[in-house]
Amino acid sequence: MRFKPGKIALAVAAPVFAAVFSLIVSSASLLATNKSPREAFALMWEFGSGAGSLMEAVNLATSYYIAAIAIALTFRAGLFNIGVEGQLRLGSLFAAYFGAMIVLPPVLHILAIFIIAMFVGGLWAAIAAYMKVKRGVSEVISTIMLNSVAGGLSAYLLSKHFMVKVEGSNDLATKPLPASGQFPDLMPVLKKLGVEEQPGGGVYGMLIIAIILGIAFWFVVNRTRFGFELRSSGMNPIAARVSGVNSKKMTFIALVASGAIAGLAGLPTLLGDTHSYTLGFRGGVGFTAIAIALLGRNSAVGMAISAMLFGFLEVASRTLELIDIAPETYVIMQGSILLSAVIAYEVVRRYQLTLQSHALAKAGDK
Amino acid sequence: MAIAVELRHISKRFPGVIANKDVSIKVESGSVHALIGENGAGKSTVMKILYGMQRPDSGEILVNGTTVHFKKPADSIEAGIGMVHQHFMLADNFTVLENIVLGYEPSRGGVIDFNAARVKINEMAAAYGLTVDPDALVEDLGVGQRQRVEILKVLYRGAKILIFDEPTAVLVPQEVDELFAALQGLRKDGLTVIFITHKLDEVLRVADDVTVIRAGSTVAEVKASEVSAKKLAELMVGSELPSPEIHGSAKRSDIALELSQLTVPAESGARNLVSDVSFTLHAGEVLGIAGVEGNGQSELIEAILGLRNYTGTVIFKGEPLDDESVSERRDMGIGFIPEDRQRQALLMSSPLWENRILGHQRGKPVMNGALIDRKATMADTIRIMQEFDVRAPGPDTLALALSGGNQQKFIVGREMSGSPSLLLASHPTRGVDVGAQAAIWNELRAAREKGMAIVLISADLEELIGLSDRLIVMLRGSVTAELDPAKTTPESLGSAMTGAA
């Protein structure tokens, strides 16, 4: 309104600062181990920007993004679902097991799998939601503990009940999904757009679902009554209650909806690649997604960018082993980006407040 | 006598509010100086500035005659100023001794010299009558003893000027007596005490001098021995206010609200917060509820809106409300102006147009089905801003950028949107300037003429008497009197409120 050019500069300032700070920190850690940061970053860029790597990064980002939306939904309501990891694990396991059992035509089969995954994820979150609403148990504690329970429960169910023999392997896995339950790859479409096929590459079709979810998240949160009540509860729970929001109901719905979305976050890999839930199910997505939601400021676009960034860094950093650098450098980058982003956003916010109060003081408004 | 502390023309502004404007105070050394004012008048901000917790936008601070520029509390401690906070800042799992030396540990050869500290603390405690066992765990102490630990902590750091922020708020009467005795001891020893409060009887008991602060500015400095409580109250509230009054009766025959035997139980088994309140309120009638704060008025209003559990019945326009939720009650036509606008009625970091939705998110004009109707909301926000003279650049302005008075006018406008049949107004003009106050009174009067029923709570007795058709007095949760406003003066109402009449 009053200071437009400054406003844009401020909006850009935080992410730029975060990126620069992260570069400095990871360079320092590389130098400390006598490696050349320049060589490392050049190699990461060269490898990471290849078409095959980018496709893989997109695939990773798809899962991250869905999980981040699940977390952001609770952040917006003033809650914190750390249990996405457990919810997506159980959602994937049940989706894989029951998905392989049912017989349905192609599109319906995938829909059914979605429903199973969402139901199981939502149900798992409902345990924490119920305890929060009925007994006042902090959802932070209960969801984080339910992650461990989910880990144990899924291992038990897989090994004792859901497993089939895998030929020539010691891995435990559920029965593979039939073709009707597999989500088609986007490669055919991309080829028409002139993208060449990459060895071992391909882009999960679930990317479409992630994009739709992102748009739906933005719309529901910003444009609907439910979204308004959710945000009010997050910003000022007392005022929300006075305005007529039933805070317990809101807490319950937000946590269960978050769990249901989390249930979908494991499906890109399941429906697009492995087609069965195995003992080697990829862990950690639900935790990385917390960082992505924070970095993306719980906004649909911001989280999409940060999910891509994390996916890119993760894939690109694998190449570091070639020049004898620990791939964990990626973890340092992730951490320093997040830390500096949080600080930078806060610094910018305070600076904006100061500007605003000065502007008001000058205007002499009372 | 020497001047221990002098503040000259201090001003401090926060986004949207002027906390202090041209505050000047002179505190003589060796005296007890009271700083009084209503809630939100800016007393605490002045003291935070003096203590170095906040920096003034303009003005000068002198300690013992020298100009100082405090950047942090450590600077003011260095200059001999200490602060006893309203909310204690003690480590519960430490002993009294450990808490007192924390941060100022006397050491001998790199080891904390607890013995030296203990000797010093015992000396101080004896000198000022602040007895407390140095080896007791703080978590085992009562409130009064904790406060002594805070005072000793400040003295231990060598403070000669002590600031007490509403020290009696948390104490029982006997502890208050002990505290005041200790204050006299400090004064006799030549220490200077600055005492923030809004309790006038305490001021007259302990203070030598009194500075009155109103709406962020110092308005008077008087000797405690030469002033009455009534005079102080007038100075605090200001006597140049436009007078609130209503003319004739707008009362209709239909009953808007009927309460019978409404009781709000306490959360922890103590006496009921509201007990057995019954009344009937007609459309076009204003019922004023008088009472010293904390005697159940707020709880009563919150119960009517469904924010608190209660027993008894509430009937609104002939319909029993007892099984209805807050949202249903609001949607049936109950407006609510809460006492703490920022906490209860605003999303501070959201624009005004989003705040327009709050409380009305279940219907027109702000909603179109389940979707936010942005255009209509914007238009209606602009309408409120014009009708209620809300001074802000536009509907996109964040709520936190508005001054308190403008926030309040906006809330009044919002709550009157859609012409509710009943308005629950809790301190509708608290903390607003004289102009905004008059504007809000006009709106309430106009709504009454149109047949709105109003339940009014206010600490401003003239406002309460002037605007109400009927008055009830609440004391300890019960209605103790019903008065005719035409025959009631602030003095007689005041004594009815304290149960003295």
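**Chain B as a whole**

Of the 501 residues of chain B, 46% are classed as buried, a residue being buried if 20 or more other C-beta atoms, placed from the backbone, lie within 10 Å of its own, exposed if 12 or fewer do, and partly exposed in between. This is a predicted model, in which local features need pLDDT of at least 70 and side-chain atom pairs count only at pLDDT 80 or more, while totals for chains, interfaces and linings use all residues. Residues are numbered from 1 along each chain as its sequence is written, and chains are lettered from A and ligands numbered from 1 in the order in which they are written.

The secondary structure of chain B amounts to 17 helices and 24 strands; helices (H or I, at least four residues) and strands (E, at least two) are DSSP runs, numbered from the N terminus. Along the principal axes, the C-alpha atoms of chain B fill a box of roughly 80 × 45 × 45 Å. An automatic or database assignment gives chain B a domain 1 (3–237) and a domain 2 (255–346 + 422–498). The C-alpha centres of these two domains of chain B are 36 Å apart.

**Where the chains meet**

Chain A contributes 23 residues and chain B 32 residues to the contact between them, two residues being in contact if their C-beta atoms, placed from the backbone, lie within 7 Å. On the side of chain A that touches chain B, α9 (225–235), α10 (237–242) and α15 (329–363) each supply at least two residues. The residues on that side of chain A comprise nine nonpolar, eight polar and six charged; Ala, Val, Leu, Ile, Met, Phe, Trp, Tyr, Cys and Pro count as nonpolar, Asp, Glu, Lys and Arg as charged, and the others, Gly among them, as polar.

**Inside chain A**

A:Met163 lies in the loop between α6 (139–162) and α7 (187–192) of chain A. Is this residue buried or partly exposed? A:Met163 is partly exposed, because 19 other C-beta atoms lie within 10 Å. Leaving aside neighbours within four places in sequence, A:Met163 is in contact with A:Leu158, A:Leu172, A:Ala173 and A:Thr174. A:Ala179 is 16 residues from A:Met163 along the chain, and the C-alpha atoms of the two are separated by 19 Å.
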